[in-house]
Amino acid sequence: MNARVTGVVSTSIAVLLWLLAVVGPAYESRHRLESEAHVDPGAHYVAIIANHPQLSDALRDRDVIGYVSDEEIDIRVGGPAQARYYLSQFALAPVLLDLDLEAHELRLLNFARSEAIDPYLNRNRLRRLVDVSDNIVLAGPRGR
Amino acid sequence: MLFSILALLVSTGTGWCLLHLCAGVQNLPWLLRAVLSCGIGLVANSILMFCCLMLGIADPVTVMILDACLFAGAIALWLRAQPAIEAKLATATTTHRNGSDRAIALATSVAVAASAFASLLRYRAEPLGFWDGFAIWNLKAKFFYFAGGAHWERAFSDIITWSHNDYPFLLPAGVARLWNYAGGASTAAPAVFSLVFFLLSIALAYGALRQLAGERAAGLCALALLASPAFAGQAVWQVADIPLAFYLLGAVCLLLLAKQEGAATTTLTRLAGFFAGAGALTKNEGLLFALAIVVVLAAGARKKNESSESSDWLAFAQGAAGPLFVLAIMKLGYAGESDLAADFGVHSLARLLEVGRHTTIMASFGQTLLVLAGWPLLVVLAGVALWSRFAATTGTVAGLPIAAAILAIQLLGYYGVYLVTERDLAWHLGTSNLRLFVQLWPSFLVLFFAQTAAQASAGVDASDGA
């Protein structure tokens, strides 16, 4: 094959690839610049938990605490309850959040419905130690 | 942020000195050496960080002092070895760029800048990256970082098996190291780390292919990588798949360069082993890749019965031994059981005969390829393949069958895991298949463009000769 033809064909391919490589990012950048207010809610969620001073103080020197949700957490299925659990664990590391509650007197309640928190506390003879947000509470045993 | 970049520069400097202890690499172009240096340095510093954690001395000041000592030691070794290496040096090859080559290099640079800018905006909107970023990799990094690494073993706790407490440490140790330099666990450091591996992958594909098949093929390959929506889209996901893709690509490119260089085979093959070992330190799939290379090289040696071929896999194994030794310490001493292995039983093998699973996996592979590359790029690649086949069929790249066999074994391994997995197949495919393809995509594109360039040039030569 003629070298000139080869050059023309490969230049055409280069132009096509360049367009594909530049148009996608350029379009995405324009879209993101136009809607710059949007930030992933997960990042806000982590910031609220990780930067809560009372919660940090309460968990200082703790290795493991319990973690409770009012929705089923199935790590093979996914969903909002699982996302909240993972984000909470990420926010509070190096403290471990254990779904197996038996051995833990401190529990982080992370509920989808805030009205479900008090019944849970009464049922398990727990009290609020730290209110992190409407639906997130650090709870401990009563009588202290 | 600036201190994180300083940490990356220290790694690159350390890697540069360590790389140049190997006779034979001096003939490689500076871009390729710089990229390989960064990859080597990041492995060295992550291993050092992990050793600090094991010894209980991973506070920021100690980590930085030990990094500086490693850098100084590497410089001293490099300076000491320099005269002996220079004596062995062949004349360095210089390549001359014509106008069209310069235009392709410029176009590639513009595309890289556009992609990096889009990635930074993506990071601004999604600072935590992808789900696995905060659920696995950066979570481990937090255990490695906080309280001077005092709680690092919690990363392997059975309480968080969902965080894959058997996964290797290169990425989280690297991120924790950047946090040590930065003085805080910001979201910027893992995003920068992630973006650096993305850019290194592009630069490695470009630099290696430029050496193997010329500037034009290198530019086309880099552009094709940047034009792959799922690959470019994961640049700031903060997960291990692009870092793994980088190390696997390094192993493949170094094997191809070793075959091309001939005389420097042992050095480059040993380096390929190191990169494959680094892949195993990055993610479990890297272990399969290292094994696949040993199998292919050993099979090649057995078939040809040549001493040079048999020394290939030995040199490869020597290079991989260091990273794999550290990995063995982590796996045997600290890591939990792999959930995939734990679920596996003899009864799982019965699934091999379920036709429906085969069709589901193959359909998913096809769909994933479409998502990874996008149909416009696939059409262009098909056009390139057809054109190069039309041009000639005689040209080939030395070592390409070996590299293709390695990628095929790796893909077959992924297929086999999906076939016998205890998990819901659709869920397993849906949550992992795209990232597995991302791991192999740069290596595949390098082989693709190396081969098409070789065929096209063979066609030109034949035509000119006639």
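Which residues does the domain assignment give to domain 1 and domain 2 of chain A? In this predicted model, domain 1 of chain A covers 1-38 and domain 2 covers 41-141, according to that assignment. Between the C-alpha centres of these two domains of chain A there are 47 Å.

Let us turn to how chain A and chain B meet. Chain B brings 51 residues to the contact, and chain A brings 39 residues. On the side of chain B that touches chain A, the helices in this table each supply at least two residues.

| Helix of chain B | Residues |
|---|---|
| H4(B) | 99-125 |
| H5(B) | 131-149 |
| H8(B) | 215-226 |
| H9(B) | 229-233 |
| H16(B) | 375-391 |
| H18(B) | 425-465 |

H4(B) gives the largest share of that side, with 12 residues.

Within chain B, a helix pair is worth a look. Helix H2 (residues 30-55) packs against helix H7 (residues 188-213) at an angle of about 140°, and their axes are 9 Å apart. The crossing of H2(B) past H7(B) is left-handed. Among the residues making this contact are Leu31(B), Val35(B) and Gly39(B) of H2(B), along with Leu200(B), Leu204(B) and Gly207(B) of H7(B).

Finally, consider helix H6 (residues 170-182) of chain B. Its 13 residues should span 18 Å at 1.5 Å a residue, and this agrees with its end C-alpha atoms, which are 18 Å apart. H6(B) is mostly covered, with 13 of its 13 residues buried. Just after H6(B) comes Gly183(B), whose phi is positive, at about 80°.

How values were computed:
Residues are numbered from 1 along each chain as its sequence is written. Chains are lettered from A and ligands numbered from 1 in the order in which they are written. This is a predicted model: local features need pLDDT of at least 70, side-chain atom pairs count only at pLDDT 80 or more; totals for chains, interfaces and linings use all residues. Helices (H or I, at least four residues) and strands (E, at least two) are DSSP runs, numbered from the N terminus. The expected span of a helix is 1.5 Å times one less than its number of residues. A residue is buried if 20 or more other C-beta atoms lie within 10 Å of its own, exposed if 12 or fewer, and partly exposed in between; C-beta atoms are placed from the backbone. Domain bounds come from an automatic or database domain assignment. Axes are lines fitted to C-alpha atoms, for helices over the stretch in contact, and angles run from 0 to 180 degrees between N-to-C directions. A crossing is left-handed if the near helix is turned anticlockwise from the far one by less than a right angle, and right-handed if clockwise. Two residues are in contact if their C-beta atoms, placed from the backbone, lie within 7 Å.
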